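Here are my notes for you to read alongside the model. Keep the structure open and find each spot as you go.

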Amino acid sequence: MSESQSPRRASRKKAPSLAPLYGGIGIVILAIIAVAISQKDKDARDAAKNREQPVQESSNPFADIPAGTKVVPSPFESGSSASHSPSATGLLASAVWVEAKAKAELAKTTLQEAKAADEAGDRKKYKRMAVEARDLYSAAIDSTAQWEYDISESHGESDSQVSTVRSLRATWFDQHRKLRSVDVNDI
């Protein structure tokens with residue numbers, strides 16, 4: 001038997017691939033579906049515009065609440081509540097507050113002296129004076145802590161005199177916080 005002359009099938013002819021054709025048909029079908037969906041959405045929007053809006057008979061959103069019920073105050077309301085009475089004009093003349101302000105003023109002047117000593121190069125005097133100022137601020141803060149809480153509860157935090165007390169005490173806290181890093185053991 002001769003291998004070169006065997007009766008085999010003829011070799012396959014190379015035909016072009018049909019994959020691009022099928023891909024193109026798929027893209028065309030998807031485009032047709034997208035156009036149909038967008039037309040449907042457009043028709044629905046046009047129909048919604050042409051429809052008349054229903055008219056509400058009552059514009060009161062609380063019409064279903066029976067009359068005469070007690071109104072519950074909002075916890076987020078910043079205005080004064082009925083449970084808080086306005087502060088008297090002499091609230092800031094309280095003995096606790098006057099003494100604390102005097103201590104804070106003394107602390108302020110002591111701190112200014114400490115800064116002057118630091119600028120002059122006397123680090124030991126600076127530390128001694130800074131610790132003294134820190135202790136005075138601490139005493140002023142501690143002596144007014146309960147008093148501030150009491151006046152906040154009785155007059156409300158939105159009261160002008162209570163706000164004055166809170167802002168000045170916040171300044172004292174800031175000064176005390178700045179002086180925390182001064183070490184007593186380095187004196």
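1. First, the ground rules. This is a predicted model, where local features need pLDDT of at least 70 and side-chain atom pairs count only at pLDDT 80 or more, while totals for chains, interfaces and linings use all residues. Residues are numbered from 1 along each chain as its sequence is written, and side-chain values use heavy atoms, with hydrogens and water left out.

2. Look at how H3 sits against its partners. Helix H2 (residues 95–120) packs with H3 at about 165 degrees, their axes 8 Å apart. That makes H2 roughly antiparallel to H3 (angles over 145 degrees count as such). The axes of H3 (residues 123–155) and H4 (residues 160–178) come within 10 Å and cross at roughly 155 degrees, so H3 is roughly antiparallel to H4.

3. Now the salt bridges (a side-chain nitrogen of Lys or Arg within 4 Å of a carboxyl oxygen of Asp or Glu). The whole structure has 5 of them. One joins Arg-123 and Asp-118, at 2.9 Å from N to O.

4. What does Glu-148 pair with at 2.0 Å between the closest N and O atoms? That partner is Arg-169. The pair links helix H3, which holds Glu-148, to helix H4, which holds Arg-169, 21 residues apart. Both residues are buried (under 20% relative accessible area, with a 1.4 Å probe and protein chains only). Salt bridges that share partners join Glu-148, Glu-157, Arg-166 and Arg-169 into one network.

5. Finally, Tyr-22 lies in helix H1 (residues 19–50).

Conventions: Helices (H or I, at least four residues) and strands (E, at least two) are DSSP runs, numbered from the N terminus. Axes are lines fitted to C-alpha atoms, for helices over the stretch in contact, and angles run from 0 to 180 degrees between N-to-C directions. Angles under 35 degrees count as roughly parallel, over 145 as roughly antiparallel, 65 to 115 as roughly perpendicular and the rest as oblique. Buried means under 20% relative accessible area, exposed over 50%, partly exposed in between (1.4 Å probe, protein chains only).
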